[in-house]
Amino acid sequence: MEDVPNKRILLKHFVTGTPKEMDMELNVGKVNLRVPQGSGAILVKNLYLSCDPYMRGRMREYYDSYIPPFVPGSAIEGFGVCKVVDSEDPDYKPGDLVTGVTGWEEYSLIQQTKQLRKIQSEDIPLSYHLGLLGMPGFTAYAGFYEVCSPKKGEYVFVSAASGAVGQLVGQLAKLHGCFVVGSAGTKQKVDLLKNKLGFDEAFNYKEEQDLDAALKRYFPQGIDIYFDNVGGVMLDKALLNMRLFGRIAVCGMVSQNSISASVGIHNLNMFIFKRIRMQGFLQSDYLHLFPEFSEKIAKYYKQGKILYVEDISEGIESAPSSFVGLFSGKNVGKQVIRLASK
């Protein structure tokens with residue numbers, strides 16, 4: 001087959017501070033629609049791409065973490081939903097729908113096919129495999145049930161509660177019989193949490209002069225579980241409001257997206273006084289639970305017990321602005337880039 005154009009989003013250079021659109025560029029290359037013989041790879045057409053805050057870390061030159069940094073001059077990588085175009089792997093055939101790590105480009109040649117999953121369910125929107133049934137959804141599930149060890153009737157606080165992870169944590173907590181309050185950054189998001197996603201209460205943290213006072217207002221009896229997606233000042237004030245033997249799941253630190261923005265924690269003595277347990281985690285620590293998660297969450301969705309909110313941008317050209325928008329709260333719900341429907 002002849003080569004076809006392949007639009008890609010490249011990382012121009014390593015990034016310091018908050019990412020900007022100019023740190024990335026649109027490039028048009030070419031790709032052959034045949035997989036090289038003997039490679040064992042598959043060629044996919046990318047249908048949906050995921051924007052996730054963890055990708056910010058991969059834009060640093062020195063990234064001491066669980067996943068290597070991006071390579072400047074190469075296509076950015078992230079989770080995607082894809083359709084197989086050609087295959088040298090007997091487990092995949094043209095037309096199969098898969099999800100896993102792919103490139104920010106229209107077509108990707110994937111060598112590590114064992115990291116992909118076939119999409120079997122046809123009655124759930126394809127894009128949900130990047131959110132509700134993807135990495136963010138599984139992060140919410142594993143973090144809430146395994147790290148937080150919830151009990152019925154407990155008081156749960158979720159920051160960045162309208163985001164890809166937080167919106168599901170809150171709904172799972174409600175299904176578990178907990179009292180749930182979320183924080184978000186706009187009136188629209190607060191209304192979404194209270195009126196659509198079923199949170200008991202929600203507040204706009206940008207309108208609060210005193211976060212400690214706000215948390216005492218919504219949790220006069222204190223917080224049993226804090227699901228932390230932001231870190232910084234919110235984490236510091238949550239520590240003051242934890243109950244005895246409270247648990248904090250450290251999922252994200254979006255407020256600390258650059259080294260220069262890091263804010264220290266001052267209320268560490270609360271760990272002793274209140275015997276608090278705080279644990280950072282990765283969803284990959286709990287992959288043995290993924291089948292259970294997929295079955296249970298799909299069932300909840302089909303029964304109408306949970307909802308999921310997406311913010312979909314059109315075309316690969318929109319990817320840089322959509323990614324940058326994550327760090328100013330521009331998105332409402334899970335940020336997804338749609339390249340093609342199928």
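Reader: Which residues does M234 touch, not counting residues up to four places away in sequence?
Author: M234 touches F157, S159, S183, Y205, L211 and Y226. Contact means heavy atoms within 4.5 Å. This is a predicted model: local features need pLDDT of at least 70, side-chain atom pairs count only at pLDDT 80 or more, and totals for chains, interfaces and linings use all residues. Residues are numbered from 1 along each chain as its sequence is written, and side-chain values use heavy atoms, with hydrogens and water left out.

Reader: Where does M234 lie?
Author: In helix α5. Helices (H or I, at least four residues) and strands (E, at least two) are DSSP runs, numbered from the N terminus.

Reader: Is M234 buried or exposed?
Author: M234 is buried, at a relative accessible area of 6%. Buried means under 20% relative accessible area, exposed over 50%, and partly exposed in between (1.4 Å probe, protein chains only).

Reader: How far apart are M234 and V309 in space?
Author: 24 Å, C-alpha to C-alpha. In sequence they are 75 residues apart.

Reader: Zooming out. How many helices and strands does the protein chain have?
Author: Eight helices and 15 strands. The radius of gyration is 21 Å, close to the 20 Å that the globule rule gives for 342 residues, so the chain is as compact as a globular protein of that length. That radius is taken over C-alpha atoms, and the rule is 2.2 Å times the number of residues to the power 0.38.

Reader: What box do the C-alpha atoms fill?
Author: Roughly 65 × 45 × 35 Å, along the principal axes.

Reader: What share of the residues is buried?
Author: 54% of the 342 residues. As for contacts with a separation of 6 or more, 68% of them join residues 24 or more positions apart.

Reader: Charges next. How far apart are the mean positions of the positive and negative ones?
Author: 5 Å, for 39 positive and 37 negative charges. Lys and Arg count as positive, Asp and Glu as negative; His and the chain ends are not counted. Each charge is placed at NZ of Lys, CZ of Arg, CG of Asp or CD of Glu.

Reader: Now helices. How many residues of α1 are buried?
Author: 11 of the 13, so α1 is largely enclosed by the rest of the structure. Among them are M135, F138, Y141, F144 and V147. Just after α1, S149 has a positive phi of about 45 degrees.

Reader: How many residues of α2 are buried?
Author: Eight of the 10 in α2, which spans residues 166-175. They include Q167, L168, V169 and L172.

Reader: What do the buried residues of α2 pack against?
Author: α1 (135-147), β8 (155-158), β9 (179-184), β11, α7 (290-302) and β15 (334-338). G177 follows α2, with a positive phi near 90 degrees.

Reader: Which loop holds N229?
Author: The one between β11 (223-228) and α5 (232-240). N229 is buried, at 9% relative accessible area. Its side chain reaches the backbone oxygen of S159 at 2.8 Å. A polar contact is a pair of N or O atoms within 3.5 Å; within protein, one must be able to donate a hydrogen and the other to accept it, and residues adjacent in sequence count only if both atoms are side-chain atoms.

Reader: What else is N229 in contact with, leaving aside its neighbours within four places in sequence?
Author: The list includes A160, V165, G166, C251 and M253.

Reader: What is the phi of A160?
Author: Near 45 degrees, a positive value in a residue other than glycine. Most residues other than glycine have a negative phi. A160 lies in the loop between β8 and α2 and is partly exposed, at 30% relative accessibility.

Reader: And what about the phi of R275?
Author: R275 has a positive phi of about 55 degrees. It is in the loop between α6 (270-273) and β13 (277-280). At 44% relative accessibility, R275 is partly exposed.

Reader: Last one. Which strand holds N6?
Author: β1, residues 3-11. N6 is buried, at 4% relative accessibility. A polar atom of its side chain lies 3.1 Å from the backbone nitrogen of E106. For the backbone nitrogen of Y107, the distance is 2.8 Å.
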